[in-house]
Amino acid sequence: MSATCPLCGCEQAEGLLCHAETTKLERELADVHAIVGELDITLSKQARIGSGGKGGLARERMPIHTGAMQVHDDLQNTLTTWIRDITDDTWRPGIGVDATTAAAGHLLLEITAIRKHPAVTEMVDEITDAIRQARRVIDRPADRIFVGPCYAEFEGVTCTEDLYARPGAGEVRCKTCGVTHAVAERRSWLLEQARDRLFTVREAAQMMGDVGGITVTEDRIRGYLRRNRIAYRPETTMIRLGDLLTVVLDDGERRTA
């Protein structure tokens, strides 16, 4: 029986995903582990964490629309959704395993099922697009620190230009509207927006340092855990950033007093 590849249209027996397109998908999935590692680095250095300002269009108020955190969440959601679809919702990443990397690995094991999946075109498009968006983020130069969107308002219009400050700079000027912002205030704002997010000990230390400019070592965080000053969130090995931030600021106030 003669048929065509549902993705590229070339002649392919039984209408399966052709070998060329299958190989492309395999390469993309195999690269996910490295991409996730780079996203973690990007997240700590240029974390786009926010909850839109007042005014402006709805799409302008969307939180972390193109940032590393949102891109990672989108990639994870895409990969885990499709692997659960293929396995009739029996797949689980396992405790302590990165769900994104685990899902990509299992998708590679299910490549035969993917080739003949009735929605293979949609699946491949969504997976490759999520990976492409992730690559766009990690390819950004990291010589400046992301300190959030501008959100200055002029006659009811909100400026949504992203602000990048040079390391050590006290102020940053929006290149679109010209408003000058204090870097320390922007960093504090970013941490506040991340209060309810969950992080591993390593990620939390990076967030506090690279994003907030507050040095907190992993050993110090583990000390807080041992003394029950902060706690792991239920059913995870992660901590809420707001819990850590409260304890660190409280210690700072005590030392100052």
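**Contacts, helix packing and burial in a predicted model**

Modeller: Leaving aside neighbours within four places in sequence, Thr180 is in contact with Glu171, Val172 and Arg173. The model is a predicted one, in which local features need pLDDT of at least 70, side-chain atom pairs count only at pLDDT 80 or more, and totals for chains, interfaces and linings use all residues. Residues are numbered from 1 along each chain as its sequence is written, and side-chain values use heavy atoms, with hydrogens and water left out.

Colleague: What makes a pair of residues a contact?

Modeller: Contact means heavy atoms within 4.5 Å. Among contacts in the protein between residues at least 6 apart in sequence, 56% join residues at least 24 apart.

Colleague: How many helices and strands has the protein, and what share of its residues is buried?

Modeller: The protein has ten helices and eight strands. Of its 257 residues, 42% are buried.

Colleague: How do you know the relative direction of H1 and H4?

Modeller: Helix H1 (residues 19-30) and helix H4 (residues 99-109) pack at an angle of about 155°, their axes 9 Å apart. Axes are lines fitted to C-alpha atoms, for helices over the stretch in contact, and angles run from 0 to 180 degrees between N-to-C directions. Angles under 35 degrees count as roughly parallel, over 145 as roughly antiparallel, 65 to 115 as roughly perpendicular and the rest as oblique. H1 and H4 are therefore roughly antiparallel to each other.

Colleague: Which residues form the contact of H1 with H4?

Modeller: Glu26, Leu29 and Ala30 in H1 meet Ala104, Leu107 and Leu108 in H4. By class, this contact has five nonpolar, no polar and one charged residues; Ala, Val, Leu, Ile, Met, Phe, Trp, Tyr, Cys and Pro count as nonpolar, Asp, Glu, Lys and Arg as charged, and the others, Gly among them, as polar.

Colleague: Why are H1 and H6 described as they are?

Modeller: H1 and H6 pack at an angle of about 45°, with axes 11 Å apart. H1 and H6 are therefore oblique to each other. Leu25, Glu28 and Leu29 in H1 meet Val124, Ile127, Thr128, Ile131 and Arg135 in H6. The residues of this contact divide into five nonpolar, one polar and two charged.

Colleague: What makes up the largest nonpolar core?

Modeller: The largest nonpolar core has 32 residues, and those with the most contacts inside it are Leu39, Leu79, Leu107, Ile114 and Ile127. Such a core is a set of buried Ala, Val, Leu, Ile, Met, Phe, Trp, Tyr and Cys residues joined through side-chain atoms within 4.5 Å. H1, helix H2 (32-45), helix H3 (68-86), H4, helix H5 (111-115) and helix H6 (120-138) each supply at least two residues of this core. H6 gives the most to this core, with nine residues.

Colleague: Which residues does Leu107 touch, not counting residues up to four places away in sequence?

Modeller: Leu107 touches Leu29, Leu79, Trp82, Ile83, Ile86, Ile114 and Ile127 on that basis.

Colleague: How do you know the exposure class of Glu155?

Modeller: Glu155 has a relative accessible area of 84% and is therefore exposed. Glu155 is found in the loop between strand S2 (153-154) and strand S3 (157-158). Although not a glycine, Glu155 has a positive phi of about 50°.

Methods
Helices (H or I, at least four residues) and strands (E, at least two) are DSSP runs, numbered from the N terminus. Buried means under 20% relative accessible area, exposed over 50%, partly exposed in between (1.4 Å probe, protein chains only).
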